[in-house]
Amino acid sequence: LSEPRIKAPRGTYDVLPEQAPARALLESRARAILEGAGYERIETPAFEATELFARGVGESTDIVQKEMYTFLDGSGRSLTLRPEGTAPICRAYIEHGMHKLAGPVKLWYLSSFFRYERAQSGRYREFWQVGAEALGSDDPAVDAESILLLASLLAELGVEGVRLRLSSLGDAESRGEYRERLQAHLHAHADELSPEVRERIDANPLRAFDSLHEGTLAVMAEAPRLLDQLSAEDAEHFAAVRELLDAAGVRYQVDPTLVRGLDYYTRTVFEFTSDALGAQSGVGGGGRYDGLVELLGGPPTPAMGWAAGIERMLIAAGEELQQAAPARVDLFVAIQDSDSRTLAFELLRDARSAGLAAQMELAGRSLKRQLAHADRLGARYVAIVDGREAALKDMESGDQENMDAGAVVHALLRGLREIA
Ligand code: ATP
Ligand code: MG
């Protein structure tokens with residue numbers, strides 16, 4: 001009796017070699033855009049103290065209430081696989097005294113995150129995000145730049161049917177006042193609301209805007225709007241962000257019902273969706289979180305950031321990304337017989353030292369099969385090593401030239417230069 005086969009856990013997936021080129025291209029585009037704007041790469045641990053997310057994401061959020069992978073380690077500490085990247089980055093910012101650096105400190109990451117959710121297309125239990133955070137400035141230009149960078153990334157990836165929704169939540173104070181007015185409105189209409197929303201009137205009334213329940217939608221259509229009640233300062237900040245986005249030609253829709261899933265947002269919030277996605281239409285989003293660093297024990301530090309889902313960007317991306325080619329092969333070194341192996345191996349090493357992408361026969365194939373294999377790999381040239389001699393074959397033209405095996409690399413560099 002054979003053992004049952006072990007499969008990848010539900011909601012996870014393997015990145016197979018055929019999917020690697022598209023992901024690599026996505027990463028290199030993200031790097032080029034973000035590093036070009038002065039964002040520096042950061043990576044934080046895959047798990048953190050549970051307390052970090054409880055405090056930093058917020059007790060009332062879906063993430064903390066039902067989506068975290070939390071466990072005790074060998075010494076009884078409660079740890080959690082990171083469900084998001086902003087709280088860990090704030091933790092690192094505080095821990096390494098980055099507030100002493102010239103602000104804003106601009107950081108980006110590409111990492112995997114973990115949430116226990118219902119697995120479906122575009123929704124996984126381990127998923128990947130690229131994200132960007134700018135800490136240390138409340139300048140509206142930080143908000144506009146941050147949003148523009150994600151807009152540029154989505155455009156570069158050819159993500160189709162992109163829409164941007166934008167709003168402002170005001171500061172903690174006006175948000176607090178608004179919260180009470182919204183709660184009063186919800187309590188007044190409690191019997192028309194979905195049970196889920198009703199249960200969370202006190203814990204997280206803003207989430208009522210996310211509900212698709214019919215009765216709740218009707219109640220929310222009449223609800224007071226935070227955007228109409230911003231303080232003069234917050235309204236001015238929002239107007240400045242909009243003016244900059246307008247100047248940059250970024251198109252958006254102001255949506256006063258936009259509520260982000262995390263508790264810590266203040267002022268600007270935004271979300272990109274794509275019509276190319278089904279129910280899971282969110283591609284990426286973020287906002288300003290001026291109180292979070294302080295909440296986590298750091299100095300008062302205004303900050304702004306976003307995260308975008310890799311899987312959803314890949315689903316919604318254009319042709320170019322979908323058809324990203326695997327790594328090129330400049331040279332395949334074939335061997336006439338096993339006596340030629342040592343020289344072939346030296347040629348392989350020399351070709352690589354010269355910066356060529358080179359492979360060599362590694363499976364004892366017949367010469368005919370070696371050539372077929374080189375063709376399958378898409379090798380630009382094949383060198384058939386026979387003793388000290390080599391036949392260099394141009395796989396595109398079919399031309400073949402005999403030379404000393406030691407002259408192959410030189411000839412190839414010349415040939416490739418002529419092509420380029
Ligand atoms: P959703 O409303 O789809 O649950 P969210 O508001 O929870 O998204 P964020 O926490 O803002 O998402 O994360 C930013 C992006 O990360 C999302 O727009 C999405 O592209 C991606 N993302 C979030 N959760 C998942 C998941 N479980 N699987 C795949 N991608 C995800
Ligand atoms: Mg979610």
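Which loop holds proline 104? Select the stretch between α4 (86-95) and β5 (105-114): proline 104 is found in that loop. Keep in mind throughout that this is a predicted model.

**Stop 1: the cis bond**

The peptide bond from glycine 103 to proline 104 is cis. Its omega is near -5 degrees.

**Stop 2: ligand 1**

Now select ligand 1 and the residues around it. The shell has 15 residues. Of these, Arg115, Glu117, Tyr124, Gln129 and Arg260 come nearest.

Colour the shell by class.

Next, pick out the polar pairs to oxygen atoms of the ligand:

- Glycine 282: a polar backbone atom is 3.1 Å from an oxygen atom of ligand 1.
- Valine 283: a backbone N or O atom lies 2.9 Å from an oxygen atom of ligand 1.
- Arginine 312: here the side chain takes part, with an N or O atom 2.9 Å from an oxygen atom of ligand 1.

Ligand 1 taken alone exposes 590 Å², and the protein buries 84% of that.

Which elements give two or more residues to the shell around ligand 1? Select β6 (126-135), β10 (282-288), β11 (303-309) and α11 (310-316). β10 provides the largest share of the shell, three residues.

**Stop 3: helix α6**

Move to residues 172-188, which form helix α6. Check its length first. The helix has 17 residues, so at 1.5 Å a residue it should span 24 Å. Its end C-alpha atoms are 24 Å apart, which agrees.

Now show the side chains of Ser174, Arg175, Tyr178, Leu182, Gln183, His185 and Leu186. These residues of α6 are buried. When looking along the axis, recall that an α-helix has 3.6 residues a turn, so residues three or four places apart point the same way.

What do the buried residues of α6 pack against? Bring up α8 (214-221), α9 (232-247) and β9 (266-274): the buried residues pack against these elements.

**Stop 4: arginine 267**

Follow β9 from there. Arginine 267 is placed in this strand. Look at its backbone: arginine 267 has a positive phi of about 50 degrees, although it is not a glycine.

Is arginine 267 buried or exposed? Its relative accessibility is 10%, so arginine 267 counts as buried, the cut-off being under 20%.

Note on methods: Residues numbered from 1 in each chain as written. Chains lettered and ligands numbered in written order. Predicted model: local features only at pLDDT ≥ 70, side-chain atom pairs only at ≥ 80, totals over all residues. Heavy atoms only, no water. Helix = DSSP H or I, 4+ residues; strand = E, 2+ residues; numbered from the N terminus. Expected span 1.5 Å × (residues − 1). Buried < 20%, exposed > 50% of the residue type's maximum accessible area, 1.4 Å probe, protein only. Contact = heavy atoms within 4.5 Å. Near = heavy atom within 4 Å. Polar contact = N/O pair within 3.5 Å; in protein donor to acceptor, adjacent residues only side chain to side chain. Areas by Shrake-Rupley, 256 points an atom, 1.4 Å probe, with all protein chains shown as cover.
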